Amino acid sequence: MTMSELPFDPKSSFSHLPVLLEEVTSSLGTAAGGLFVDATAGGAGHSRAILAASQNVRLIATDRDLTAIETARERLTEFGERAHVAHARFSEIAAVLDEAGCPEVDGILADLGVSSFQLDTAERGMSFRHQGPLDMRMDTSRGETALELIERLDQDELADVIYELGEERSSRRVARCIKQALADGMLNDTIELRRAIVRAVGPRRVGGIDPATRTFQALRMAVNGELSEIQALLKLARTRIKPGGMLAVISFHSLEDRLVKRELQNRATWAPLTKKPIIATEEEQSKNPRSRSAKLRVARRLAPGEGGDA
Ligand SMILES: C[S@@+](CC[C@H](N)C(=O)[O-])C[C@H]1O[C@@H](n2cnc3c(N)ncnc32)[C@H](O)[C@@H]1O
């Protein structure tokens, strides 16, 4: 069965176009069968492609987002017992594997960042394009919201977050305007947050991006602990992928990609498939603008003693 023959539920509200689909399945080596983990199940686009590659593939699909988990469960039912779906963030996947009696796997995929569904759902508060609460959590069942984070951090700590995770050069001014808006009772939703940011940096789009893009990214990454979660994922890959198995990670910005790149430079553990990251073809980029910033890095886990120096 090819991907285009797979039945899809067009009525489902969870819309997300998977990126680099062929590149992911071919580089993971799914056609040969085996046990794989999709650590970012989302709308199950990659999960379905992995399972469809061979009758001998089994997949553990995880995500920290409960709506994604519900959607993935529904969209993977046709694969029966070959698919196992679990609610977990990266740092909890080792426990899922232990519970399933699977100490090691043949490959792990992570398609980092947020889904189009999360960005487009106003109630998640991840986008300044929609009016929504200052939440930004991928897992709405636990953890601190963006508003709670802004309330807890002092102005300098907030500026550091905006600088380090958003690479926003005007982070001090942005933090001051956000704290001022909070004190004035003018920080009630995403639109008011954007307004506070624009007050700090001005309304001009720099390099084609909205003035609020960097700060929204920083807050979302802080709320979800995204970088430390990626570190947990890389540790999982190091310890739970069998020698000869594959790790595939798709990242969407330099902070994510830097961590993955650094990990794969450990030549005692990894043999990267390609020197440069794999990017989307022009055709895919024209059909799916999200794919333009996607970078796929794939590496084979080496057996002890097989690799060179770390
Ligand atoms: C880009 S989407 C994945 C889309 C998916 N590959 C598909 O084909 O539909 C990213 C997903 O990863 C999940 N995610 C991001 N960070 C995570 C983490 N640390 N642990 C678990 N899931 C995470 C998000 O909730 C989101 O559903």
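**Contacts and burial: values set against definitions**

Trainee: What makes Arg 172 partly exposed?

Mentor: The relative accessible area of Arg 172 is 42%. Buried means under 20%, exposed over 50% and partly exposed in between, with a 1.4 Å probe and protein chains only. The 42% of Arg 172 falls in between, so the residue counts as partly exposed. This is a predicted model, in which local features need pLDDT of at least 70 and side-chain atom pairs count only at pLDDT 80 or more, while totals for chains, interfaces and linings use all residues. Residues are numbered from 1 along each chain as its sequence is written, and side-chain values use heavy atoms, with hydrogens and water left out.

Trainee: Why is the pair of Asp 160 and Arg 172 called a salt bridge?

Mentor: A salt bridge needs a side-chain nitrogen of Lys or Arg within 4 Å of a carboxyl oxygen of Asp or Glu. The closest N and O atoms of Asp 160 and Arg 172 are 2.6 Å apart, so the pair meets that limit. Asp 160 lies in helix α7 (residues 155-166) and Arg 172 in helix α8 (residues 171-183), 12 residues apart, so distant parts of the chain are linked. Helices (H or I, at least four residues) and strands (E, at least two) are DSSP runs, numbered from the N terminus. Asp 160 is also partly exposed, at 32%.

Trainee: How do you know that Asp 257 and Lys 295 form a salt bridge?

Mentor: Their closest N and O atoms are 4.0 Å apart, which meets the limit of within 4 Å. The pair ties together helix α12 (residues 254-264) and strand β7 (residues 295-301), parts 38 residues apart in sequence. Asp 257 is buried at 7%, whereas Lys 295 is partly exposed at 34%.

Trainee: How many aromatic pairs does a search of the whole structure find?

Mentor: Two are found. In one, Phe 14 and Phe 117 are stacked, at 4.4 Å centre to centre and 15 degrees between the planes. Rings of Phe, Tyr and Trp (its six-membered ring) pair if their centres lie within 6.5 Å; planes under 30 degrees apart count as stacked, over 60 as edge-to-face and the rest as tilted. The 15 degrees of this pair is under 30, so the word is stacked. Phe 14 and Phe 117 are both buried.

Trainee: What makes the pair of Phe 128 and Phe 216 edge-to-face?

Mentor: Their ring centres are 5.3 Å apart and the planes stand at 80 degrees, so the pair is edge-to-face. Phe 128 sits in the loop between α5 and α6 (146-152) and Phe 216 in helix α10 (residues 213-223), 88 residues apart.
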